[in-house]
Amino acid sequence: MGFVAESNQGAIGNGGKSGLRSLVRRKRVDSVHSKSLETGHHQLAKELSIAHLIAIGVGSTIGAGVYILVGTVAREHSGPALAFSFLIAGIAAALSAFCYAELASRCPSAGSAYHYSYICVGEGLAWIIGWALILEYTIGGSAVARGISPNLALLFGGPDSLPFFLARYSIPSLGIVVDPCAAFLVFIVTGLLCVGIKESTFVQSVVTTANICAMIFIILAGGYLGFKSGWIGYRLPVGYFPFGVDGMLAGASTVFFSYIGFDSVASTAEEVKNPQRDLPLGIGAALSICCMLYMLVSAVIVGLVPYYAMDPDTPISSAFASHGVQWAVYIITIGAVTALCSTLMGSLLPQPRILMAMSRDGLLPSFFSEVNKRTQVPVKSTILTGVIAAALAFAMDVEQLAGMVSVGTLLAFTMVAVSVLILRYVPPDEVPLPSSLQAAIDLVSLRYSNNVRTEEIDVEISKSQTGEKNISKKGEASAEYPLIAKISAQAKCKESKRRNIAGWAIILTCIGALILTYSASNLGIPRSFRLTLCGVGGLLLLLGLGVLSCIDQDDARHNFGHSGGFICPFVPLLPILSILINVYLLLNLGADTWMRVSVWLVIGVFVYVIYGRSHSSLQHAVYVPAAHVDEIYKSSAESLNS
C-alpha cells in the first residue's frame with residue numbers, strides 16, 4: 001500500500017538521525033481533521049472580509065516612498081515615461097500576486113510563504129524563508145517608524161517642531177540619534193494589533209483612506225494645473241523616452257519595490273471568513289488599486305515639471321509650489337504621514353503570524369503560538385515583535401539596513417512561484433499524520449493488504465480450477481485479468497516517469513534562471529565567458545519551460561488543499577517569469593546587503609540545527625498516501641466511538 005511510518009525508524013521522521021533528510025520533510029495542508037486536533041486557544045478569529053483585505057494590502061503597499069520615488073526615478077531613469085515604469089513593475093509584481101492568490105486560497109493558514117514552502121518544498125527551505133521574513137518585517141517596521149517623525153514635524157512648522165519628549169536628539173557618547181516618536185508610534189500600533197484583528201484593520205482602513213484621499217487630491221489638483229499650464233513636462237525636445245527603453249526598464253526595476261506589501265494579505269489567510277473567494281480578490285484588488293494610483297500620480301507630476309528640474313527629495317510638493325500652490329504641501333505631508341503609519345501597521349501585522357506558524361510546527365518554542373482567548377490574536381508574539389521593533393526604531397538608524405527588507409520579500413516571492421510549479425506537476429503524494437493515529441493507520445494498511453492477498457488467492461483458485469499452470473510472477477499480468485493488470489502497471493510506471501521528468505525540469509529551470517540572471521547582471525565577468533554563461537542559463541531555462549509545457553500536469557493537483565479557489569493562469573510560463581524577475585532583483589541588491597543578510601541566515605541555521613530540527617512536529621510523523629487520509633481519520637473516529 002505504500003505507508004511510510006516515520007515513527008517506525010523511517011528515514012524522514014527521525015530528524016536527529018536522518019541528517020539532511022529532515023530538510024526535505026513536508027507537512028500537509030491544514031484541514032478540518034488537523035484543526036480538530038488543536039486546542040481552541042490556538043485558533044485565530046475569522047473576522048476579515050474583502051474590504052478588510054484590500055485595506056491591509058493597499059495600506060501595506062503604498063508607503064511614503066511614492067512621494068519621493070517619482071522624483072529620483074524620473075530624473076535618473078525614466079523621464080516622462082515614469083508611468084510606464086510603474087506599469088511594467090506592476091505587471092511584474094502581478095506575476096507573484098497570481099502565485100500567492102492560488103496558494104493562499106488552497107492553503108489558507110497563517111504563515112504565508114513560509115507555510116507554502118513547508119508544504120510544497122520542504123522543512124529546510126521553509127525555515128530559511130520564515131527566518132528571512134522575520135528579519136524583513138522587523139527591520140521594515142523600524143525603518144518606517146523612523147521615517148514618520150521628520151514628516152510629522154513638518155506639520156508642526158519645521159524639522160525641529162515636535163514636542164521635546166518626541167523630538168530626535170543625539171547622544172554623542174554613544175554616537176547615535178534616538179527617536180522617541182518612532183518608538184512611541186510602534187507601541188501604539190502594537191497595542192492596536194493586540195486588541196483584535198478586526199479593530200486594528202478598521203483603524204488601518206481609516207488611515208489608508210486618508211492616504212488615498214491625499215493621492216486623489218494630487219491627481220485632481222495636479223491634473224487641473226497641468227491642463228492650465230499646457231503640460232510643460234511633456235513638451236520637451238528630447239521626447240517621451242529621453243533615457244531610451246533601457247532607462248524605462250531600469251526605472252521599473254527601481255519602483256518594483258514600491259509594490260512590496262501585498263503579501264501581507266496572505267499572512268492573514270487564517271482570519272478570513274471565506275478565504276477561497278476573498279483572498280484572491282483582496283490580493284488582486286489591492287495590487288490593481290496601487291498600480292492605478294502610482295501611474296496616475298506619476299503621470300501628473302512629470303507633466304507639471306520637466307523631469308530634469310524635479311526635486312529628488314520633495315518632488316510632489318515642489319511641483320505644486322512651482323505653480324504657486326504652496327498650501328498643497330500640508331495635504332501632501334498628511335498623505336506621507338498616513339502612508340507611513342499604514343505601512344507600519346502592515347509591517348508589524350504579519351510577523352506574529354509567521355512566528356505563530358513556525359511555533360505550531362515545532363520549529364520555535366510554544367510561547368509564540370499562544371493565542372489570547374478573548375482577542376483571538378497571538379498577543380505574546382505581537383508584544384515581543386513590537387518591543388524589538390520599537391527598540392530598533394528608537395536607538396538605531398536602520399536606513400542602511402533597509403535593503404535587507406527586500407531580500408526576505410524576494411526570497412518569498414521566488415519560493416512561492418516554485419511552489420506553484422511543484423503543486424501543479426509533482427504535488428506531495430504522501431502526507432504526514434500524527435503518530436497518535438498509528439493504530440488507525442495500521443488498521444487501514446492491514447485492510448488493504450488483506451484485499452490484495454484475497455485477490456491473489458481468488459486468481460490462484462480460478463487458475464487451478466481451469467487446469468492452468470501457475471507461471472505468474474511479481475509485476476506480471478495475471479492469466480485471469482491480463483489486460484487490467486498490464487494497464488495498471490503501465491499507468492503507474494508512466495506516472496512515475498512523468499513525475500521524475502517534471503521534478504528535474506523544475507530544478508533545471510531554477511538553475512537556468514540563476515545562471516542567466518547572474519551572468520546578465522555581473523558586468524565584471526569577461527565578455528566571452530559572460531555570453532557563454534548567458535547561453536547556458538538561457539538554454540536550461542528554455543529546456544525546462546519546454547518540457548513542463550509538453551508534459552501533463554498532475555491530476556492530484558485538483559485535490560490538493562482546499563478546492564474551489566483561484567487557479568493561477570499560464571502555468572508554467574507565469575511562475576517561471578516570476579522566478580526569473582525575482583532572482584534578477586535579488587542578485588542586484590548589492591554585496592553589502594547580502595553580507596548582512598548572510599549573517600542573519602547563518603544564525604538561523606544554527607537555531608534550526610540546535611532547536612528546530614529536533615523539535616519539529618514532523619519528528620515522529622507517519623507518512624501515508626494522500627488518497628487514504630480521510631479513511632484513516634474515519635477509522636480513528638470509529639474506534640474512539642466503539
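Helices (H or I, at least four residues) and strands (E, at least two) are DSSP runs, numbered from the N terminus. The structure is a predicted model, in which local features need pLDDT of at least 70, side-chain atom pairs count only at pLDDT 80 or more, and totals for chains, interfaces and linings use all residues. Residues are numbered from 1 along each chain as its sequence is written, and side-chain values use heavy atoms, with hydrogens and water left out.

Leucine 433 lies in strand 4 (residues 430-433). Its relative accessibility is 1%, so leucine 433 counts as buried (under 20% relative accessible area; exposed is over 50%, partly exposed in between; 1.4 Å probe, protein chains only). Contact means heavy atoms within 4.5 Å. Beyond its neighbours within four places in sequence, leucine 433 is in contact with Arg28, Ile441, Ala621, Val622, Val624, Val629, Ile632 and Tyr633. Leucine 433 and tyrosine 633 are 200 residues apart along the chain, yet their C-alpha atoms are separated by 9.7 Å.

Helix 15 (residues 350-360) is largely enclosed by the rest of the structure, because 11 of its 11 residues are buried. Among them are Arg353 and Arg360. The buried residues of helix 15 pack against helix 6 (112-120), helix 7 (123-155), helix 9 (197-229), helix 11 (263-267), helix 14 (328-348) and helix 16 (379-395). Glycine 362 follows helix 15 and has a positive phi, near 85 degrees.

A pocket is defined on a 1 Å grid over the protein atoms alone, as an open set of points where a 1.4 Å probe fits, with protein on both sides within 12 Å along at least five of seven lines; lining residues have an atom within 4 Å of a point. The largest pocket holds about 1,300 Å³ of space. Its lining has 44 residues, and Gly65, Val144, Phe257, Ala402 and Ser406 are the closest to its centre. Helix 7 gives the largest share of this lining, 10 residues. Helices that each supply at least two lining residues include helix 17 (403-425) and helix 21 (573-587).

Rings of Phe, Tyr and Trp (its six-membered ring) pair if their centres lie within 6.5 Å; planes under 30 degrees apart count as stacked, over 60 as edge-to-face and the rest as tilted. The count comes to 24 aromatic pairs. Tyrosine 234 and tyrosine 240 are stacked, because their ring centres are 5.8 Å apart and their planes are at 25 degrees. Tyrosine 234 is partly exposed, at 27% relative accessible area. Tyrosine 240 is also partly exposed, at 31%.

Methods:
Points joined across faces, edges and corners; volume = space filled by probe spheres on them.
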